[in-house]
Amino acid sequence: MEEAIQNLLRQAVRVLCGGSDSNDDQLKEEIANISRTVNKIRLEAGINGHLESNDFVFVRVRKSNRLKSSAQKRQFDNLEGLTSPCKRKRKSFKSTTSANKDTTVKTPAAVNKSSADVDTEVGTPSIVDEPGAEAAAESEAVGAPAAVDKPSNDAAIEDTSVGTPAVVDEPGTNAATDTAGGTPPGHTASASSEVMTDSSQSSSQSTPLRPWTSGSITDNSRPESSSTTENAQIAVQLKPLHSCPLSTVADLLNPEHANRVAASVLLECVNRHYKIGPFGGRTDKVTSTTNMAKIRAFTKELASLEYEAAVHSIAKRNAMHAANGIQIGSDENAYWEIILKGVKVLDPATLPKGAPKGPLDGFSAAEKAATENFMKSASFGTSPENQRQCRGLWKTLFDIRKAGVEMITCYRTAEFNQYCKTYSRRSDISLVDTIVSWEKVYGPQIAQLEDRVLEHRRGDFSGKSRLMQKHVAERLQVAESSWNEASNEWYSSDEEAAFKLATTVNATSSKSLASLFNDRANTQQHQNKALFISLLPNGDSRLDVCPTIPVYPGDFLGIYSGTIRFSENSSLSHGIPGPESKLWLDYSQVTGTFNQIQVSKPGGDANVHLRWEAVNEQDETGPCESWRVLVIASKAIMPFEPLVRAAPRNEQYLLHQRLGFANRGFMKSALVTKLKA
């Protein structure tokens with residue numbers, strides 16, 4: 001019996017070892033031991049019958065070639081078991097609930113709604129979906145408007161005391177306190193820099209930056225500043241929008257990219273219109289030729305002109321050249337529409353036969369051929385890669401223009417084009433929907449920038465054109481003569497003379513008004529952001545002052561309106577203390593854009609501060625001739641985040657909570673005159 005078992009084991013060894021007989025003594029001894037053990041077990045079980053080969057079942061497995069000799073490794077005598085298909089079941093990554101998945105495009109204003117608890121109380125700020133959120137975040141939006149401050153009987157506030165307002169909302173404890181912190185080294189961050197993170201967060205954590213929504217305050221200059229600090233809640237008293245003609249930042253899709261890409265578009269708009277200068281809004285004819293002899297003749301003619309005429313001619317030609325650049329960029333939005341017309345006139349017989357070359361990109365052979373013909377005729381490079389990129393970009397621009405976008409695409413930048421080229425086709429939100437949402441928010445700002453640059457280039461820094469904006473006129477009852485954000489004049493010549501006799505203050509600046517506002521205002525790297533400040537609606541009765549591009553600490557934003565006073569008694573409610581005794585700014589009779597900014601309690605949170613600047617335009621080291629009160633950023637401020645300053649006295653803080661004073665620009669009284677249409 002043992003001999004039979006040994007024979008079967010030798011057969012097993014030959015199978016496992018690729019058919020070779022082993023003469024190793026140790027192996028023989030092991031076979032003998034195994035056979036004795038097997039025989040003993042059979043006898044104890046009462047099995048005395050003869051062994052058959054079927055009693056041992058050998059499963060043929062994939063054999064290791066390491067057990068074979070070199071000669072055997074080169075032989076493929078038996079491939080059984082190696083060619084059978086894989087029996088392992090593939091894992092399915094398809095969600096069992098994909099059929100019920102909500103594919104509705106959500107805006108960033110959509111809030112996460114849990115099955116356990118949902119806060120639907122009116123007035124609760126919307127929670128903005130963070131970038132990279134899972135599908136669970138695709139819940140329905142809660143867009144309930146908040147209550148608006150009711151008008152109260154606002155009696156004239158005396159200089160010596162301010163009564164408690166009839167309706168002053170108590171600060172809440174749930175306001176968002178996200179801030180954008182961190183100034184780039186050397187203050188040279190470009191428009192394409194990454195979105196800044198919250199300066200109050202721990203260095204070990206990274207919180208995605210969310211766009212500001214009405215009702216939030218974002219000024220956390222001190223570590224102890226939190227949502228439970230009373231002074232941080234002044235912005236909560238200004239209610240979220242619920243009926244205004246302009247789209248808000250909550251309507252932006254992919255806002256984390258909008259802050260970067262749209263900022264580059266706004267800067268490009270300013271760059272182009274600064275070159276156009278005072279020639280903006282005109283339609284002039286400028287002689288243009290490709291005849292080289294005439295080009296040289298025009299240069300000789302220019303050199304023969306008098307100085308004033310020559311400068312005017314150069315400025316005009318440069319302005320038309322800048323406008324021509326805008327026109328060329330705008331024309332590119334219509335290229336694909338022209339190419340489609342070329343498709344219709346193609347002869348099908350001339351199209352290439354067989355499978356198309358290159359990667360599949362969704363374009364037909366006729367569209368590719370028409371694109372190549374167009375690029376050759378228009379003198380574009382026709383390399384295969386350039387054709388592929390141009391086809392994709394022009395088709396995208398065509399779709400965007402067809403959706404009604406025309407402001408942003410006029411000032412396309414490299415950042416914008418790159419964003420369009422690399423946008424994921426698998427995204428739940430289409431590129432066209434994203435750009436349309438940007439157009440609704442940034443389109444009106446671009447239109448304002450175009451007019452504002454023209455005003456500045458023509459020497460008008462008063463900002464009176466803001467009163468002509470519909471949403472501003474509906475919320476402010478202010479005479480045009482009472483609006484001045486260009487300079488701070490002395491209240492009277494007597495007080496000016498008294499100040500110069502009583503004090504000796506040296507000037508700190510010799511910049512003229514034009515130099516102050518036009519000093520490198522067209523670049524992100526410099527600190528003049530005055531052009532990018534807008535008045536935006538906050539509810540039906542209030543306005544917020546917000547930047548439209550990122551702002552960094554130390555940036556100049558504008559001039560705080562008011563008259564310079566030098567007197568013993570200053571107004572507690574309308575006075576801003578100056579750097580010298582008895583010197584103060586009075587804004588009881590004059591107002592402007594920055595007088596509408598939110599005001600926190602004394603010592604409270606703020607993201608801007610007021611800086612007094614002594615001016616002598618003739619001699620910077622000479623005696624002070626005039627004063628300017630500048631609005632300076634105290635910390636990083638994200639686009640559409642409201643500006644907030646701290647009140648010097650509690651009376652002034654209470655004044656700025658009154659709706660009646662907000663309607664007249666926080667002046668004591670408003671003599672309303674009819675604005676010219």
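Analyst: Welcome! Two strands count as paired if DSSP finds at least two bridges between them, and the elements themselves are DSSP runs numbered from the N terminus: helices (H or I, at least four residues) and strands (E, at least two). The model is predicted, so local features need pLDDT of at least 70 and side-chain atom pairs count only at pLDDT 80 or more, while totals for chains, interfaces and linings use all residues. Residues are numbered from 1 along each chain as its sequence is written, and side-chain values use heavy atoms, leaving out hydrogens and water.

User: What makes E3 and E9 a pair?

Analyst: E3 is joined to strand E9 (residues 626-633) by 3 bridges, running antiparallel, and the rule asks for at least two.

User: Which order do the 3 strands of the open sheet take, and why do E3 and E8 count as edges?

Analyst: The order is E3-E9-E8, with antiparallel pairing. Strand E3 (556-559) and strand E8 (608-615) each have a single partner strand, so one side of each has no neighbour in the sheet. From one strand to the next, the twist averages 35°.

User: How do you know that E1 and E2 pair?

Analyst: Strand E1 (residues 533-538) and E2 share 6 bridges in the antiparallel sense, and Leu536 sits opposite Asp544 in E2. The two strands make a hairpin with 3 residues between them, and Gly539 in the turn has a positive phi of about 80°.

User: Why is E2 called largely enclosed?

Analyst: Buried means under 20% relative accessible area, exposed means over 50%, and partly exposed lies in between (1.4 Å probe, protein chains only). In strand E2 (residues 542-547), 6 of the 6 residues are buried, so the rest of the structure largely encloses the strand. Arg542, Asp544 and Cys546 point one way, Leu543, Val545 and Pro547 the other, and all are buried.

User: Why is the packing of H4 on H10 called oblique?

Analyst: H4 and helix H10 (residues 414-421) pack at about 140°, with axes 8 Å apart. Axes are lines fitted to C-alpha atoms, for helices over the stretch in contact, and angles between N-to-C directions run from 0 to 180 degrees. Under 35 degrees is roughly parallel, over 145 roughly antiparallel, 65 to 115 roughly perpendicular, and the rest oblique. That makes H4 oblique to H10.

User: Which residues of H4 and H10 meet?

Analyst: His257, Arg260, Val261, Ser264 and Val265 in H4 meet Glu415, Phe416 and Tyr419 in H10, where contact means heavy atoms within 4.5 Å.

User: What about Asn254 and Ser379: buried or exposed?

Analyst: Asn254 is buried, at 16% relative accessible area, whereas Ser379 is exposed, at 67%. Asn254 lies in the loop between helix H3 (70-73) and helix H4 (255-276), and its phi is near 50°, a positive value in a residue other than glycine. Ser379 lies in the loop between helix H8 (365-377) and helix H9 (384-402); Ser379 is not a glycine either, yet its phi is positive, about 65°.
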